[in-house]
Amino acid sequence: MTAASPPEVLRAPLVVEFPFTRSLGPVQSAFLTGLRERVVLGVQTADGTVMVPPLEYDPVTAEELRELVEVAPTGTVTTFAWNDHPRPNQPLDTPFAWVLVRLDGAGTALLHALDAPGPDAVRTGMRVRIRWAAERVGAITDIACFEPYDGPVAPAREPAPHDGGFADPVTGIIAPARLDYTYSPGRAQTAYINALAERRSVGERCPSCHKVYVPPRGACPTCGVATTDRVEVGPAGTVTTFCIVNIKAKNLDIEVPYVYAHIALDGAGLALHGRIGGIPYDQVRMGLRVEPVWTEGGRYPDHYRPTGEPDADYDAYKELI
Amino acid sequence: MPRTSRHARELAVVAFAQSDHRRRTDELSEVELVMPVLHEVLAATGLKAGEIGFTCSGSSDYLAGRAFSFTMTLDGVGAWPPISESHVEMDGAWALYEAWVKIQTGEADTALVYAYGKSSPGPVRDVLTRQLDPYYLAPLWPDSVALAALQAQALIDAGDTDEPALAAIGARSRAAAGTNPHAQLRGTLPQGDYQVRPLRTGDCPPIGDGAAAVILAAGDTARRLCGRPAWITGIDHRIEAHGLGLRDLTDSPSTRIAAEHAGVFEQPVDTAELHAPFSSQEVVLRKALGLGDTVAVNPSGGTLAANPIMAAGLIRIGEAAARIHRGESDRAVAHATSGPCLQQNLVAVLEGDPR
């Protein structure tokens with residue numbers, strides 16, 4: 001293990017959450033609807049192999065596949081892995097085995113969880129059967145898990161053709177995902193954020209072209225070198241360009257219309273952006289001199305307001321637009 | 001002249017650099033992680049950023065949990081005046097493949113290829129589940145160690161390996177990393193407890209952050225920039241069916257086909273840098289590539305000693321090339337993988353001029 005990071009580096013939770021809505025083709029729709037009805041369907045390839053779970057195209061020939069067949073809810077473990085420490089969202093929250101199961105009548109294997117008392121109770125070749133979820137919605141999780149099965153092997157028979165037709169078929173799934181990160185902004189941005197907490201703005205100067213970047217990201221994108229020379233900028237600045245926002249954003253407590261502007265803080269080599277307040281929206285103009293306004297406890301300026309100084313000459317900021 | 005070249009243009013890796021790989025790099029943003037490596041690899045050739053014909057990078061937003069995270073690292077390249085640039089949301093080995101194509105078409109004579117992975121911000125085992133089939137696999141959240149463990153058990157059942165043999169692979173890799181100052185884990189380490197049985201801690205890669213870069217150059221440019229260029233005499237990549245239950249997990253036909261197309265089997269190799277994040281995957285790759293006991297496998301320590309995801313495959317090509325640069329290898333095979341259980345595989349043959 002390496003030493004812990006320097007204590008002054010900022011960290012914050014960052015949650016990334018996305019519910020992907022996915023539509024299903026005819027084969028996947030039949031398979032997942034079938035699970036809801038406790039029927040397991042596979043698809044037959046040209047050479048007679050039954051794939052469970054089914055695909056819509058043959059992975060070898062790329063031929064379209066539509067011949068559905070019903071297979072048994074019992075099967076044989078083709079390989080396994082004992083999971084002593086289930087992770088969040090996995091099918092079981094007690095120790096279980098990951099298994100690939102070839103269902104009776106299928107030629108390929110399905111991945112799922114096997115509920116078993118311990119690793120010694122699991123082996124390749126063991127017989128298992130599906131344990132259905134109490135509430136089924138048309139998803140792979142309608143199979144709660146597999147469980148050991150010592151009942152009789154179903155009599156050998158050809159997988160039964162199935163037309164895939166069910167009442168109220170499932171045509172799509174919503175696949176929610178949530179990942180919990182810890183975000184660290186790195187050295188340069190940490191210094192910037194810490195300075196903001198003291199109501200100061202700091203940038204970093206490129207040692208090669210001498211441009212001052214605010215906020216600093218640690219590198220000069222023009223020269224490709226580290227920017228380590230810290231420079232205090234502002235607090236006042238100049239509006240270099242702006243737009244009038246007429247659409248109210250969700251969860252944003254700002255009355256429309258309002259002005260969003262590029263603001264070149266004094267001493268900075270490029271403009272950052274912020275909202276302009278304290279002046280009617282239709283009186284904001286290029287060259288307007290502004291200063292930051294912090295709200296109580298705010299860690300960054302809430303908005304910028306006019307300083308009352310005369311407007312800056314166009315030539316003074318035209319390179320920063 | 002390289003001994004055999006099956007492609008339009010001679011093309012070589014002329015420089016390689018990598019960061020020290022560490023468990024966490026909270027103090028470094030993406031660009032702060034990558035930039036020293038870019039400077040090092042450019043300095044090795046004397047090239048300025050503006051003299052590079054093509055720049056290509058590999059990384060994944062899912063590791064950082066941020067959209068378009070790779071754009072930040074472009075700040076470290078010096079992208080003004082505008083440069084010819086591209087990115088793959090994959091391991092940097094595939095970025096190298098894109099750069100190789102660009103040079104083969106004659107669109108460029110040199111290329112800067114870099115890759116980085118910051119795995120520390122998120123739960124990487126869970127993060128990688130999001131690359132799985134979203135209908136049948138991802139809703140079950142089978143993590144990367146679990147899937148590798150299924151493959152390991154299949155190998156044990158097939159008689160291809162056993163737990164002591166897997167432990168020996170981990171021990172050999174981490175002992176080899178003793179001479180690699182960049183590795184995250186070095187020297188003798190305990191094999192540890194089961195993570196997902198049959199894989200123990202020592203069978204699994206460390207989680208860490210790191211970056212790497214190589215410079216490619218064609219023909220006489222390569223000779224001018226490097227004393228002993230590592231000529232890429234063959235390169236190919238292949239993919240297998242997405243469904244794990246459709247595959248024979250004890251074999252890697254995609255690796256074998258890529259190796260055939262890259263010319264691996266035409267002459268013996270003396271070095272193999274294999275991208276095998278799990279000890280069991282080395283067993284599969286040795287079989288697919290037909291590697292004998294005389295081949296130095298992962299003399300750098302391999303991915304079991306340092307696994308900056310998205311850079312680890314590019315590092316295999318870089319480590320193989322560096323051995324040719326140093327005169328420690330004459331013909332090396334480098335391999336990179338992506339996806340669960342060796343789903344996608346890239347194979348390159350690198351050769352030095354006769355000595």
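1. Let's start with the domains of chain A: in this predicted model, the C-alpha centres of domain 1 of chain A and domain 2 of chain A lie 55 Å apart. The assignment places domain 1 of chain A at 14-178 and domain 2 at 187-316; such bounds come from an automatic or database domain assignment.

2. A word on conventions before going on. Residues are numbered from 1 along each chain as its sequence is written, and chains are lettered from A and ligands numbered from 1 in the order in which they are written. Because the model is predicted, local features need pLDDT of at least 70 and side-chain atom pairs count only at pLDDT 80 or more, while totals for chains, interfaces and linings use all residues; side-chain values use heavy atoms, with hydrogens and water left out.

3. Now to chain B, where each domain is made of two segments: 11-122 + 208-229 for domain 1, and 124-206 + 233-350 for domain 2. Taken over C-alpha atoms, the centres of these domains of chain B are separated by 22 Å. Contact (heavy atoms within 4.5 Å) involves 40 residues of domain 1 of chain B and 40 residues of domain 2 of chain B.

4. How much area do the two domains of chain B bury between them? The figure is about 3000 Å², 68% of it on carbon and sulfur atoms. Buried area here is the accessible area (1.4 Å probe) that two parts lose on being put together, summed over both. On the domain 1 side of chain B, B:His21, B:Trp94 and B:Arg228 supply 24% of the area buried against domain 2, more than any other three residues.

5. B:Arg228 also forms a salt bridge with B:Asp330, with the closest N and O atoms 2.7 Å apart. A salt bridge means a side-chain nitrogen of Lys or Arg within 4 Å of a carboxyl oxygen of Asp or Glu. Between domain 1 and domain 2 of chain B the count is 1 salt bridge, alongside 14 residue pairs in polar contact (both at pLDDT 80 or more). A polar contact is a pair of N or O atoms within 3.5 Å; within protein, one must be able to donate a hydrogen and the other to accept it, and residues adjacent in sequence count only if both atoms are side-chain atoms. By class, the side of domain 1 of chain B that touches domain 2 of chain B has 22 nonpolar, 12 polar and 6 charged residues. In this scheme Ala, Val, Leu, Ile, Met, Phe, Trp, Tyr, Cys and Pro count as nonpolar, Asp, Glu, Lys and Arg as charged, and the others, Gly among them, as polar.

6. Chain B and chain A bury about 5000 Å² between them, with 61% of it on carbon and sulfur atoms. In chain B, B:Tyr135, B:Tyr136 and B:Leu140 lose the most area to chain A, together 17% of what that side buries. The contact takes 54 residues from chain B and 69 residues from chain A.

7. Across this interface of chain B and chain A there are 4 salt bridges, and A:Arg187 and B:Glu32 meet in a salt bridge at 3.4 Å, N to O. Residue pairs in polar contact between chain B and chain A number 18 (both at pLDDT 80 or more). α6(B) gives the most to the side of chain B that touches chain A, with 7 residues. Helices (H or I, at least four residues) and strands (E, at least two) are DSSP runs, numbered from the N terminus.

8. Have a look at B:Arg125, found in helix α5 (residues 124-127) of chain B. Its side chain makes a polar contact with the side chain of B:Asp143 (2.9 Å). Leaving aside neighbours within four places in sequence, B:Arg125 is in contact with residues including A:Arg87, B:Asp143 and B:Gln195. At 14% relative accessibility B:Arg125 counts as buried; buried means under 20% relative accessible area, exposed over 50%, and partly exposed in between (1.4 Å probe, protein chains only).

9. Finally, the structure holds 41 salt bridges over all chains. In chain A, A:Arg131 and A:Glu147 meet at 2.7 Å, N to O, linking strand β8 (residues 127-132) with strand β9 (residues 143-148), 16 residues apart. A:Arg131 is partly exposed at 30%, whereas A:Glu147 is buried at 16%. In chain B, B:Glu282 and B:Arg172 meet in a salt bridge of 2.9 Å, N to O. B:Glu282 lies in helix α10 (residues 279-289) and B:Arg172 in helix α7 (residues 163-176), so this pair ties together parts of chain B that are 110 residues apart in sequence.
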